[in-house]
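These are my notebook entries on one protein chain, written down in the order in which I looked things up.

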Amino acid sequence: MVPMKKLNCFWTLGLCLVASKLSKASINPPRVPSIYDPKFIHEVVDVHNELRRKVNPPAANMNYLIWEKEFAKLAKSWSKNCKYSHNPCLTNRYGCVEGYDFLGENMYLGKIEITPKEAISFWYNESQYYNFETMTCSKSCGHYTQVLWANSVKVGCALSNCPNLMGSSTALFFCNYSPRGNENNTSPYIKGESCSKCPTNNCKDKLCRKQKGKNSNIIFRS
């Protein structure tokens with residue numbers, strides 16, 4: 001039989017260890033990727049474009065998405081508020097980022113370890129509820145149609161830790177797009193042979209490309 005004095009010591013030690021872990025967790029919250037991290041940026045851009053080029057039926061006018069750091073900064077500033085709702089600036093013309101009309105936005109609430117690929121694929125999987133021919137949706141499809149909205153050419157995303165929503169390991173992931181998608185009574189893209197209706201003759205890997213501007217702040221990746 002363990003003496004009561006020893007049990008009290010073990011109990012006290014246990015409480016100290018738990019308190020220490022909680023204290024460290026509050027002082028050192030889970031790390032999230034920076035919006036300036038090349039690995040994070042490339043994953044966001046690559047996953048979007050990988051999914052855009054494999055749409056079914058194939059797209060004749062699907063643009064290649066490129067990174068816009070101002071959209072990422074917008075996503076970061078809004079996600080830090082830890083509100084699972086769309087940014088109110090989206091309702092105003094030129095209300096979010098100077099020089100850009102209405103922006104599109106996707107959001108994801110989940111574990112802090114979520115990767116861009118997992119979140120973006122989660123949105124894309126809404127395709128099971130979308131009927132391209134009739135442009136109808138049986139459940140939720142808005143994230144999916146924004147991911148593959150052909151006219152969108154720029155994207156910027158960010159992830160923030162939001163322990164107030166579902167615990168210390170919770171995060172919000174936001175992406176902003178321009179031009180925005182999900183216009184009423186409009187198909188997300190034109191069905192047809194890949195790149196057959198590109199705005200320019202520049203096409204690569206089933207996606208329409210645009211030329212890089214001299215003063216661009218966008219990160220391109222082939």
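I began with helix α4 (residues 116-124), where I found P116, A119, I120, W123 and Y124 to be buried, buried meaning under 20% relative accessible area, against over 50% for exposed and partly exposed in between, with a 1.4 Å probe and protein chains only. Looking down the axis of α4, I noted that its buried residues fall within an arc of 140°, so they line one face of the helix; the arc is taken from the directions that run from the helix axis to the C-beta atoms. This made me recall that an α-helix has 3.6 residues a turn, so residues three or four places apart point the same way. The buried residues of α4 pack against α2 (38-53), β2, α5 (142-147) and β6, where contact means heavy atoms within 4.5 Å. For the names, helices (H or I, at least four residues) and strands (E, at least two) are DSSP runs, numbered from the N terminus.

The model is a predicted one, in which local features need pLDDT of at least 70 and side-chain atom pairs count only at pLDDT 80 or more, while totals for chains, interfaces and linings use all residues. Residues are numbered from 1 along each chain as its sequence is written, and side-chain values use heavy atoms, with hydrogens and water left out.

Strand β2 (residues 104-111) is mostly covered, with 6 of its 8 residues buried. I then followed β2 to strand β6 (residues 170-178), which runs antiparallel to it and is joined to it by 8 bridges; two strands pair if DSSP finds at least two bridges between them. Within β2 I picked N106, which stands opposite C175 in β6 and is buried, with a relative accessible area of 1%. What does the side chain of N106 reach at 3.1 Å? I found that it reaches the backbone oxygen of H143, a polar contact, that is, a pair of N or O atoms within 3.5 Å in which, within protein, one must be able to donate a hydrogen and the other to accept it, and residues adjacent in sequence count only if both atoms are side-chain atoms. Leaving aside neighbours within four places in sequence, the contacts of N106 include W123, G142 and F173.

A search of the whole structure gave me 8 aromatic pairs, where rings of Phe, Tyr and Trp (its six-membered ring) pair if their centres lie within 6.5 Å, and planes under 30 degrees apart count as stacked, over 60 as edge-to-face and the rest as tilted. F40 and W67 form an edge-to-face pair, with 6.2 Å centre to centre and 85° between the planes. F40 lies in helix α2 and W67 in strand β1 (residues 66-67), so this pair ties together parts that are 27 residues apart in sequence. The rings of W123 and F173 have their centres 5.6 Å apart and their planes at 25°, so I wrote this pair down as stacked. This pair too links distant parts of the chain, with W123 in helix α4 and F173 in strand β6, 50 residues apart. W123 is buried at a relative accessible area of 1%, and F173 is buried at 2%. Finally, I noted that ring pairs link F40, W67, W123 and F173 into a cluster.
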